[in-house]
Amino acid sequence: MKILTTVKRVTDPDMKVKIKPDGSGIVTDGVEYKMNSFDEYGVEEAIRLKEEHGGEVVVVSVGPDASTKEIRTALAMGADRGVLVETDADLDSDAVARLIAEVAKKESPDIIVMGKQAVDSDRNQAGQMLAAYLGYPQATFAFELSVADGWATVGREVDGGTSTKRVKLPAIVTADLRLNEPRYASLPGIIKAKRKKIDRFSPEDLGVDIASKVNVLVFEAPPEREAGQIVDGVDALIGKLRDEAKVF
Amino acid sequence: MSNVLVVAEHVGGALRNVTLSAINFGKQAASITGGKVHVLVLGDGVDAVAKQLADGGYGADTVHLANGGQFANYLAENYAPAVAEVAKAVGAEVVCSPSSTTGKDLLPRVAALLEAGMVSDAIEVFDDGGIRFKRPLWADNVITTVEVSTPVKVISVRTTVYDALEGQPSAALETVSISAGAFDGAEFVSFDQVKSDRPELTDADVVVAGGRGLKAGENFEMLMNLADLLGGAVGASRAAVDSGYAPNDWQIGQTGKVVAPNLYFAVAISGAIQHLAGMKGSKTIVAINKDPEAPIFQVADYGLVADAFAVVPELTQKLKDAGIGG
Ligand SMILES: Cc1cc2nc3c(=O)[nH]c(=O)nc-3n(C[C@H](O)[C@H](O)[C@H](O)COP(=O)(O)OP(=O)(O)OC[C@H]3O[C@@H](n4cnc5c(N)ncnc54)[C@H](O)[C@@H]3O)c2cc1C
Ligand SMILES: Nc1ncnc2c1ncn2[C@@H]1O[C@H](COP(=O)(O)O)[C@@H](O)[C@H]1O
């Protein structure tokens, strides 16, 4: 089974980003980057599929040259080889999906496992768009995945509970946070990853026009909440809620 | 080509209220594009939902009803081509839907079919020499203003910032037939609904949320008692859901639900930025945490530094005694 999985290089999700004074973007000086959290779950699931069914895991990233670090992390976890679609441009999810579609056409995977959402831009779009561009079925927000007889059965986290869907391979699956527990790269894994191959393409090589359909005009900070007060006990709290906040 | 198409959402034959918020957004968008508000109801035997949307005075101009076996259960593969077809038929410039899990699953597929740019989680639509949208990102620590350069714009709407409209003229109701067939290779198996008599988290006036500090699922009971007294919903942090104390449907935050009730209780929740992203828009926030340094106190209007196991039952009892709630 050939499994394609995707990783995005994102700002460290535990750091609070700062906005440039002129509103043209975020401050990138001193910012740390890492693999998008949801993609860690996607990569882990891809490796588990290979462990169960055999085959190959190919990890794809779209981004600057520095994204090879996130690809190497996936390779150290157990993916077999990497593909970097190299661009310094800030892409919308649509352009990312169209680029990955071209990689998928070259690779002909049986399944593509992605994250449900990149935690920097919070769009939650690329997997579903990729499915549409390839004409594949999609199973988003997966917390459970099994593959048998050319179909994937996917437990999905949805409003109101959970739901189960079956999709015929090739298909797109996007990972939610309860899908698995991503492994850490082992030292031998890290050493092996150094010798694994990473192919590079430019968007032009893939024949994709990466012009954005959605353009960001201004970045701004949301209004801050004013700091509140500490109350000393339940009676005081009820008093404040009733007389000051007037919620009762 | 200046109309707005809102995709309605229903579950178990009942309209979801988030649809009404999306219609309000749609009406604001239509006032900028200079078009009409069309609402599409896809399903199998969902005439009552369509009638409610047409008669309810929620702001639609025309409600389109498409019944079909392939729409009996929601599947993106069958819904997306149908939405794209109707969007073209009504000349939609804006196609929108709530940013629910269904909307998030469906709309990007629709956008790709329409070769449209998509904006996720819109919180504002306005005119600035063209239609513009605002949306939060980076766990709600950044707001961007965006423009969509394609003729059709697909938007998922953060419904907590839009109320339902009332008292608008009723809408025309039309039946449409969809020519796209069923997708071969996607099957709905089941929907396991978390049964509850409480209001939906995204609609509730009061939300009582618990975190990992509660240490066990059964300790959520005291939160349920407080929520039930106040007619509220119960929510949870990701850590509480991951630990199995609460169902996934209760998760509030960047990657769970976004809520904005009148009153939000954060009980034994530390206040990680990913959690704050889901509740910062609440009107009044109360934090109960035994750690005075917990970051949740920085966004709380009222903080109680205390052991939740002592003060939550005390609070519920004293509210009852004071004749509040119930
Ligand atoms: C990509 C990503 C997405 C995420 N998405 C979300 C999301 O959508 N929603 C979300 O919530 N989190 C999310 N998280 C996780 C988030 O970073 C935190 O780990 C999580 O919110 C912590 O949950 P918690 O506050 O319940 O647990 P902890 O941080 O462990 O806090 C427990 C708190 O309970 C207090 N406490 C303990 N005992 C008591 C007691 N007896 N009485 C009173 N207080 C007590 C402690 O002082 C502590 O402050 C995400 C993380 C990542 C990386
Ligand atoms: N630049 C990228 N390179 C590789 N994968 C990406 C990229 N952007 C998004 N993805 C994948 O698509 C998923 C959803 O991203 P998004 O639509 O941007 O929220 C992510 O979890 C990744 O798996």
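## Contacts between chains A and B

Between chain A and chain B, 51 residue pairs are in polar contact, both residues at pLDDT 80 or more (N or O atoms within 3.5 Å; within protein, one able to donate a hydrogen and the other to accept it, with residues adjacent in sequence counted only if both atoms are side-chain atoms). This is a predicted model, in which local features need pLDDT of at least 70 and side-chain atom pairs pLDDT 80 or more, while totals for chains, interfaces and linings use all residues. Residues are numbered from 1 along each chain as its sequence is written, and side-chain values use heavy atoms, without hydrogens and water.

Nine salt bridges cross the interface (a side-chain nitrogen of Lys or Arg within 4 Å of a carboxyl oxygen of Asp or Glu). B:Lys134 pairs in this way with A:Glu220, with 2.9 Å between the closest N and O atoms.

## Extent of the interface

Contact, meaning heavy atoms within 4.5 Å, joins 76 residues of chain A to 87 residues of chain B. The buried area is about 6700 Å², 55% of it from carbon and sulfur atoms (accessible area, 1.4 Å probe, lost on putting the two parts together, summed over both).

## Cavities

The whole structure holds two cavities of 30 Å³ or more (sets of points on a 1 Å grid where a 1.4 Å probe fits but cannot get out; lining residues have an atom within 4 Å of a point). The largest cavity has a volume of about 530 Å³, the space filled by probe spheres set on the points. Its lining has 39 residues, and B:Ser99, B:Lys104, B:Gly256, B:Lys257 and B:Val258 lie nearest the centre.

The second largest cavity has about 80 Å³ of space. Residues of both chains line this second cavity, including A:Asp12, A:Met15, B:Trp138 and B:Gln254.

Key
Chains are lettered from A and ligands numbered from 1 in the order in which they are written. On a 1 Å grid over the protein atoms alone, a cavity is a set of points where a 1.4 Å probe fits but cannot get out, and a pocket is an open set with protein on both sides within 12 Å along at least five of seven lines; lining residues have an atom within 4 Å of a point.
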